[in-house]
Amino acid sequence: MTIAEVLRQAARLVGVSDSPRLDTELLLTAASGFDRTYFYTWPERALTPQVTASFEAMLARRMTGEPVAHITGQREFWSLPLMVDNTTLIPRPDTEVLVEVALTSLHAFNISAPRILDLGTGTGAIALALASEIPSADVTAVDQSAQAVLLAKRNAKALGKNITVQRGGWLDDTWLAHVKSQPPFDCIVSNPPYIDEADPHLAQGDVRFEPLSALVAGRQGYCDLFTIIDLAHHLLKTGGALWLEHGYQQAVKVREYLTLTGFAQVATHNDYGGNPRVTGGYRL
C-alpha cells in the first residue's frame, strides 16, 4: 500500500475520533518512523508489508476507542516528547495554560532559581515543562502512584531534566514531614483529580482508558482541590503562588475557597477553548 492509500483509512475512524486524519497520521508515524511532513512530500511512496501490518494493528486498537497516546506510547506536551501509559493521565494541550500561568507569576517576581512543587505529577509533564523553561529551578514532582513516579523519572532521564520525583499523597505524614523540613516553595502547581464520580463523561472518550484515581475526587470533585489549597499554606513562602487546574464549572468555588483561606490576587485563566481552567493566587 502507498502512504496515500493508508492515510485514506482515516475514514474508518469517523464516529470514533474527533480527529480521524490526525490520529491516522500519528499512528502511521509510529508504525513507519517517518514524520508527517514526509507523508505530504511522498504520498505515492509504497510502504513495506511490515509497516502496513503494524499500522493496521494500531488502527484496529484505535477503532475500539483506545487513545492514540496509549497505542503509540508517546504524547507531546510543551513540545516535549513524553512517554505515556495507562497508569497515568494523558497530558492535555489545555494543561499547558497551567504552565504558562506559573511561568508568568515566577517571572513577575524575577526569581532566578525558584523552588517549584508539582503535586500529582503523573507523566511529569508540568514539572518537566517548567524545568525546561527555567533550567535553574529546583523542581520537585510528587505522585501517590508508584507507577507514575517511575514513568516521570523515565521521562526526566530521557529528556535530560534534573527534577526530583517522589512518591507521596497530599496528606502522607512521612512525605509532608520531609517537605516541611525543606525551604518553602516559591510556586505550587497541580492538575489534581477534579471530576465528580457521577459525571457521565467518565464513560466516554479517552477517559474510559485512564485510571480513575487520576480523574475522580470526592465532594463533587472538589476534595483534592481544597486539600491542596489547605496544604499550600504550610508549604509556600509568603508571597508564593499556587495554581490549580480544575473543571470549567468549578472556577467560582475554587476562587471562593482560595479567598476564604487567605490567598490574595485570586484569579482564573481560560484554556485554549475559552473555558475557565486554571485558578490560583498568592499566599499572604
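Modeller: One term before we start: strands here are DSSP runs of E, at least two residues, numbered from the N terminus. Arg277, for instance, is found in strand 9. Please keep in mind that this is a predicted model.

Biologist: Thanks! Is Arg277 buried or exposed?
Modeller: Arg277 counts as buried, because its relative accessibility is 12% and the cut-off for buried is under 20%.

Biologist: Which residues does Arg277 touch?
Modeller: Leaving aside residues up to four places away in sequence, the contacts of Arg277 include Tyr194, Leu244, Glu245, His246 and Tyr248. Thr268, His269, Asn270 and Asp271 are also among them.

Biologist: And which strand does strand 9 pair with over five bridges?
Modeller: That is strand 7, and the two pair in the antiparallel sense.

Biologist: Let's zoom out. What is the strand order in the open sheet?
Modeller: The order is 5-4-3-6-7-9-8, seven strands with mixed pairing. Strand 5 (164–167) and strand 8 (263–270) stand at the edges with a single partner strand each, so one side of each has no neighbour in the sheet. On average, neighbouring strands of this sheet are turned by 15° against each other, ignoring direction.

Biologist: How do strand 6 and strand 7 run relative to each other?
Modeller: Strand 6 (residues 185–190) and strand 7 (residues 236–245) run parallel, joined by five bridges. Within that pairing, Val189 has Trp243 of strand 7 as its bridge partner.

Biologist: How many residues of strand 7 are buried?
Modeller: Seven of its ten, so strand 7 is mostly covered.

Biologist: Which helix lies across strand 7?
Modeller: Helix 10 (residues 223–235) does, running at about 160° to strand 7. Helix 10 also lies across strand 3 (115–119), strand 6, strand 8 and strand 9 (276–283).

Biologist: Switching to charges: how many salt bridges does the structure hold?
Modeller: Eight. One of them is formed by Lys237 and Asp186, with the closest N and O atoms 2.7 Å apart. Lys237 lies in strand 7 and Asp186 in strand 6, so this pair ties together parts that are 51 residues apart in sequence.

Biologist: Are those two buried or exposed?
Modeller: Asp186 is buried, with a relative accessible area of 9%, whereas Lys237 counts as partly exposed at 34% relative accessibility.

Biologist: Which residue forms a salt bridge with Arg115?
Modeller: Asp138, and there the closest N and O atoms are 3.4 Å apart. Asp138 lies in strand 4 (residues 138–143) and Arg115 in strand 3, so parts 23 residues apart in sequence are tied together. Arg115 is buried, with a relative accessible area of 13%, while Asp138 is partly exposed at 34% relative accessibility.

Biologist: What about salt bridges in the helices? Which residue does Glu25 meet?
Modeller: The side chain of Glu25 meets that of Arg36 at 2.7 Å, N to O. Glu25 sits in helix 2 (residues 20–32) and Arg36 in helix 3 (residues 36–41), eleven residues apart.

Biologist: How accessible are Glu25 and Arg36?
Modeller: Glu25 counts as buried at 1% relative accessibility, and Arg36 is partly exposed with a relative accessible area of 37%.

Biologist: One last thing: at what angle do helix 2 and helix 4 pack?
Modeller: About 140°, with the axes of helix 2 and helix 4 (residues 49–63) 9 Å apart. That angle makes helix 2 oblique to helix 4, and their crossing is right-handed.

Biologist: Which residues meet there?
Modeller: From helix 2, they include Asp23, Thr24, Leu27, Leu28 and Ala31. In helix 4, Val51, Phe55, Met58, Leu59 and Arg62 are among them.

Biologist: Great, thanks a lot!

Methods: Residues numbered from 1 in each chain as written. Predicted model: local features only at pLDDT ≥ 70, side-chain atom pairs only at ≥ 80, totals over all residues. Heavy atoms only, no water. Pairing = 2+ DSSP bridges. Helix = DSSP H or I, 4+ residues; strand = E, 2+ residues; numbered from the N terminus. Axes fitted to C-alpha atoms, helices over the stretch in contact; angles between N-to-C directions. Contact = heavy atoms within 4.5 Å. Buried < 20%, exposed > 50% of the residue type's maximum accessible area, 1.4 Å probe, protein only. Salt bridge = Lys/Arg side-chain N within 4 Å of Asp/Glu carboxyl O. Parallel < 35°, antiparallel > 145°, perpendicular 65-115°, else oblique. Left-handed = near helix turned anticlockwise from the far one by under 90°.
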